[in-house]
Amino acid sequence: MGISFARFRRGVLATTACFAFACVANADFVLVDDFESYAVGTTPVGQGSGWSTNLTTNLAHGFGVALDPAGSGNQVARLNIENPRYVANSNHVIPDGNVGTLLFQIYRPETSSVLDMAAGFTAEFTGTNGWLSAGDFATPLRINNNADLLQIYDSNGFAEVTEPEGLSPLPGGEWYTVWMVADTNTDTWTLYVEGGEYEEQTQVQAGSISEFGFRGGTGAADLLHFGFLANASQGANMPVYLDNFYVDTDSMPGGNLSNPIPEPASLMLLGLGSLAMLARRRKTTAEDETLG
Ligand SMILES: [Ca+2]
Ligand SMILES: [Ca+2]
């Protein structure tokens, strides 16, 4: 199957934008939430960014805005749900026929010894009461620290992540950036990770497999949501922290593997660079006028 002209042209435009703006952001990623616009201690649910949940009381305790546990001062989401609760976002649909990329950051506290939850794109919710159930995930990444494993689902079952080495179980006390790419044409998905001791973006493998089959959402299904589900072993007060959700609903084949998260340091350098260029141009203009 070939690349459509529209996608090819957009790819060229994205590359051009990359030159013009020094790759500060990929043009195709849309920010879902960075949790900076809320008050700490409140919940993002129902505040316009598309988050929903089957938590019934005290939403901010189950899914609330908190300060970065790593101490950066950045605002993040603290996810603290027990089975059978979920949190989902439904503002960014991947229509069947598209390649979608979900990017987010995740942090597991070192003290969370039991952690059992799944993350990924889903189609319909088929659980009791219309809730998200484990089988609904098309692209399930499972933090199964009850069994001390980080797992992916590949068509027939869960398999432990073996590459990059040491990522399973997800080491605590570090932020990781995750790229989850769902190809709804082939109903397969791929996963990339960066952070902690993995300084370079690395493709995740389970044994020799790096392209995994969808679990749910196969066939002509659109991927209507992405979310997090507490599995059977998940207890209370075993949170994970999440930040910087971005979605590209129409990625190029292979997914959008750029990093749209602004880095304060490089933005500052860019600003200083622009100021220096402006100062030089003013000086040159002034000299020209003197000479003229
Ligand atoms: Ca943030
Ligand atoms: Ca499909």
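Does Asn129 count as buried or exposed, and how many C-beta neighbours does Asn129 have inside 10 Å? Asn129 counts as exposed, because 7 C-beta neighbours lie inside 10 Å. The cut-offs are these: a residue is buried if 20 or more other C-beta atoms lie within 10 Å of its own, exposed if 12 or fewer, and partly exposed in between, with C-beta atoms placed from the backbone.

This is a predicted model, in which local features need pLDDT of at least 70 and side-chain atom pairs count only at pLDDT 80 or more, while totals for chains, interfaces and linings use all residues. Residues are numbered from 1 along each chain as its sequence is written, and chains are lettered from A and ligands numbered from 1 in the order in which they are written.

Start with confidence. pLDDT is the predictor's confidence in each residue, from 0 to 100. The protein averages a pLDDT of 86. A score of at least 70 is reached by 80% of the residues. Residues 1-26 are another matter: pLDDT stays under 50 there. The model has 17 contacts beyond four places in sequence for this stretch. Two residues are in contact if their C-beta atoms, placed from the backbone, lie within 7 Å. Where pLDDT is low, the predicted coordinates should not be read in detail.

Now the overall build. The protein has 292 residues, and 37% of them count as buried. It contains three helices and 16 strands. Helices (H or I, at least four residues) and strands (E, at least two) are DSSP runs, numbered from the N terminus. Take the contacts in the protein with a separation of 6 or more: residues 24 or more positions apart account for 68% of them.

Next, the sheet. Seven strands form an open sheet in the order β2-β5-β15-β7-β8-β9-β10, and the pairing is antiparallel. Its edge strands are β2 and β10, each of which pairs on one side only. Neighbouring strands of this sheet are turned by 20° against each other on average, direction ignored. Axes here are lines fitted to C-alpha atoms, for helices over the stretch in contact, and angles run from 0 to 180 degrees between N-to-C directions. Two strands pair if DSSP finds at least two bridges between them. Trp51 stands opposite Asn89 in β5.

Strand β6 makes pairings of its own. It covers residues 99-107, and nine of its nine residues are buried. In a regular strand the side chains alternate between the two faces of the sheet. In β6, one side carries Val99, Thr101, Leu103, Gln105 and Tyr107, and the other carries Gly100, Leu102, Phe104 and Ile106. Both faces are covered. β6 pairs with β11 in the antiparallel sense over nine bridges. Gln105 stands opposite Thr177 in β11. β6 is also joined to β16 (residues 240-251) by seven bridges, again antiparallel. There, Ile106 stands opposite Leu242.

Which residues have the most contacts inside the largest nonpolar core? They are Met180 and Ala182, in a core of 61 residues. A nonpolar core is a set of buried Ala, Val, Leu, Ile, Met, Phe, Trp, Tyr and Cys residues joined through C-beta atoms within 7 Å. Residues up to four places away in sequence aside, Met180 touches Thr101, Leu102, Gly120, Phe121, Thr139, Leu141, Trp189 and Leu191.

Most residues other than glycine have a negative phi, and most peptide bonds are trans. Asn129 has a positive phi, near 65°. It is found in the loop between β7 (116-122) and β8 (141-144). Asn58 also has a positive phi, near 45°. Asn58 lies in the loop between β2 (51-53) and α2 (59-62). It is exposed, because 9 other C-beta atoms lie within 10 Å.

One joins Asn83 and Pro84, with omega about 5°. Pro84 lies in the loop between β4 (75-79) and β5 (86-89). Another joins Ser168 and Pro169, with omega about -10°. Pro169 is placed in the loop between β10 and β11.

Pro164 is found in that loop as well, between β10 (157-160) and β11 (175-183). It is partly exposed, because 17 other C-beta atoms lie within 10 Å. Leaving aside its neighbours within four places in sequence, Pro164 is in contact with Val193, Tyr198 and Thr202. Pro164 and Gln201 are 37 residues apart in sequence and 10.0 Å apart in space, C-alpha to C-alpha.
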